[in-house]
Amino acid sequence: MNVSPTLMSYHVISKITARYVSTSAVATLTNNGHTAQQAAFTFEMSPGAFISGFTMTVDGVAYVAEIRERRAAEEAYDQAISRGQNTAHVSQEPSSAARFSVDLNLQGGVTAVFNLTYQEVLQRRQGRFSHSLHITPGQITNLRVDVSIVEPQGLSWVDAVWTPSEDDLRPSVTSEPPSTHASVTFESTKQRQSLLSGGSGLHGVLSVTYDVIPSYNGGHLQMTNGYFVHYISPDGLPPAPKKVLFLIDISASMYGAKMAQTVAAVVAIMEELREIDTFNILTFSNEVQLWREMAVAANLENRKAAQKFVTCIQARGATDLQKGLLAATEQFNTTEEAYPAIVLLSDGRPNLGETDPNAIVSTMARSLGEKVALFTIGIGQDVDDALLHELASTNQGLYRKVFIDSSAVIQISGFFRELATPLLYDVAVRYQNGSVDENSLTERHFISYLQGSELVVTGRLAEGYRGDSIHATVDGRGLLDHVQLNVTEPLQEHSVVTDMGQDFAERMWAYLTIKSCLTRAKRDRLLTDPPDSDGLNAKALELSLKYSFVTPLASIVVLRPSEVLPTERVPVPVSTPVTPPIDVQQLTPAATAASESKKAGGDPHFIVQVPHTNLTICFDIQAKGGTIVNLLRDSVLGINVNAEVVPVNLSPTDVGLGPSPGLFGSLGVQLEYYTISISSQMVVVDSEVVIHWGVPRSIVVGDFNITMHNMTNMTISVYGVIEMHFKRHYQWPHHPDHFDFSMKSNGGGLLGQFQYKSMYLVEPDKGLSANGHIRAVMDIVGQRNYVFRMVESIDTAYECWWAPPDVFLDKAVTQYYVPEMFSHREL
């Protein structure tokens, strides 16, 4: 008899950082049977969430998750299943944007821990952010949910509830607004779960809601690691006028309760209109009928007349949905003096005229042309959700399904309130003085800004921008015609204290860019014949693979560790950041014998572009040949980088002038339990896979991408959080082959420590040193020291502030020395 795996514990952890959410669902299961058992789990998430990681640890052995193009992942999973091996495949179900499936094949007698992580961006609606967690473990188990919130803008209030309310389960909320931090905890004992569920475990939703302290100008800018997020939700603006056309389906399929509830809802909605608004009503079945020839003012007389007209309509005839939509579109022009919106109330089931859903969506995309918002309300149980959702999402609207019961009028009226109060329309966001990379920006033109909502723009800071601030302008039209809002933010990295690290802005940019590419590609397929969306899909796939997002284009497959290497796939471009937050390079000794270059020596000499500042510092470490230095250590991600010093042979005239110069002749990189040996001859992964310099090749090891570009450049990308660049120098006169090393990092070690270190100039000019260098005073984590202006050269000249290493480093240089190339232990 087959025994289903037993769920021993279920822990959900959500971390919200400035609207960006990372949620991990950790489940521990035991297969008490003697044979392998297949188990299927479904995780229901908010629409639009992307799975970003999955790990499976079986009896202490970690099974590595890697993201692949969807078809390749499915083939790898099928092959592993045929061999009877533990494996998992994570993919997005095509039928639902809010449901992801996890198929598990567990061998008998083992315990497995599964950790599924997904990420999303919260949207503000009706004055609140809402994060919903669907808790459906399927069994009685040890259950706990933890939610942490960090909002640099400040929290105005926080709340959490469990649904169904009759369970009488109350989450614990810890918050003291206007703090920037809050936490929510939810637990239920096994006895309570058994009482409520009868043995099948809890089945409900934990909803966490909150809002931030409002801004009264052009928004709030958050910048980290060369990326920015611009949140726009100005408060205090008067309502702008709107022009609304109510498009009502009166076909026979709406007969009875559907029609009665629709009429009652429209009558109620009429009371929500303001006198500055205009409106009209159009009914459709097999024919269309306009209430008035053109939109009329929403004064009391016209509202009462419209309510009387609506109460007299009767359901009859067939459903020519496209005819009704096109007739509604004709009521708008391209120069509207109000926010233009169509509100469609229908069961969305065309049976006359054009009935192909794709053709209808395509026609409406062309007809509306991103100038009119289309909101759709699906009436009844038998609604064509897919069609109505596509019509709304393709035209900057929202879709809401309404069930026919006593609350239907309240549901429809509540949905209308979301769009009832536009504060701005025809909104454009601009950034001044070349401060941002224009090509990296997500959507920055919007039909409207609705009361209680928020507009979000993300992007990269511009390469080489030397200004001290970013200035943004938000232009739109409102009650008093043109409205301009401004915000200026100092160009310094903001410190966000959070367990998610400093990469949330970059990942939020990647997430929203993928969303934008997929939406634009879909729209392109609708508008272009033949479609020309390959480039957009390719960009979305590239970002999906780089940042480990499970999208409609990619899946994650978990295989045995031994099966991961060697693994080949089409090389994924791994670009070195345009302006990396930390860029550390070893200085090649100058060929001249000038006293300054002798002082710097040929010893491993570092140039550091310090994050959060416009400072560049430099320092030497005097290390003998054979010394191994720890450059980077990140215990959370399991990453360690060491480098071995090789000496430079001095000419007879240089002997005795100072310590023997040194360079980095080889490096050892450890990625969790994988090792990478980098020498001037070759790169060896796990003593098994050999990569030769000059042979372009990409190796994927779980979430690590190792790419050989050419004879001199190699990169390693880790989770999209750390990117390391290795530059090989060879055939230099009088020098051994050696390496420069640069990275984008959040880690520790000799170099990683500069990611969060506070450094700034107190007095930039304190005269000259004895040998003619400008002297300054620098504050480094509260300690003030002299630094000296130097000009150093690698491939190009760098100006930097030099000081002995103990001025900049957290501890003595020798404490970064390690005994072996792959050692984590200091000497």
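Colleague: Which residues meet where α5 touches α6?

Modeller: From α5, Gln322, Leu325, Leu326 and Thr329 take part, and they meet Ala359, Ile360, Thr363, Met364, Ser367 and Leu368 of α6. By kind, the residues of this contact divide into 6 nonpolar, 4 polar and no charged.

Colleague: What makes α5 mostly covered?

Modeller: Of its 9 residues, 7 are buried. Among them are Leu321, Gly324 and Ala327. Gln322, Leu325 and Thr329 are buried as well, and these residues of α5 also take part in the contact with α6.

Colleague: How do you know that Ser362 is buried?

Modeller: Buried means under 20% relative accessible area. Ser362 has a relative accessible area of 9%, so Ser362 is buried. This residue is found in helix α6. Its C-alpha atom is separated by 9.6 Å from that of Lys522, a residue 160 places apart from Ser362 along the chain.

Colleague: Let's turn to the strands. What is the order of the open sheet?

Modeller: The sheet has 4 strands, in the order β26-β25-β28-β29, with antiparallel pairing.

Colleague: What makes β26 and β29 edge strands?

Modeller: β26 (445-450) and β29 (481-490) each have a single partner strand, so one side of each is left without a neighbour in the sheet. On average, neighbouring strands here are turned by 30° against each other, direction ignored.

Colleague: How do you know that β28 and β29 pair?

Modeller: Two strands pair if there are at least two bridges between them. Strand β28 (residues 469-478) and β29 have 10 bridges, in the antiparallel sense. In one of these, Gly478 has Asp481 in β29 as its bridge partner.

Colleague: How confident is the prediction, by its pLDDT?

Modeller: The protein averages a pLDDT of 79, and 79% of the residues score at least 70. Over residues 494-500 the pLDDT is below 50, although this stretch has 22 contacts in the model beyond near neighbours in sequence. Residues 562-602 also stay under 50, with 125 contacts beyond four places in sequence.

Colleague: Why should such stretches be read with care?

Modeller: Where pLDDT is low, the predicted coordinates should not be read in detail.

Notes
Residues numbered from 1 in each chain as written. Predicted model: local features only at pLDDT ≥ 70, side-chain atom pairs only at ≥ 80, totals over all residues. Heavy atoms only, no water. Helix = DSSP H or I, 4+ residues; strand = E, 2+ residues; numbered from the N terminus. Axes fitted to C-alpha atoms, helices over the stretch in contact; angles between N-to-C directions. pLDDT = per-residue confidence, 0-100. Contact = heavy atoms within 4.5 Å. Nonpolar A, V, L, I, M, F, W, Y, C, P; charged D, E, K, R; others polar. Buried < 20%, exposed > 50% of the residue type's maximum accessible area, 1.4 Å probe, protein only.
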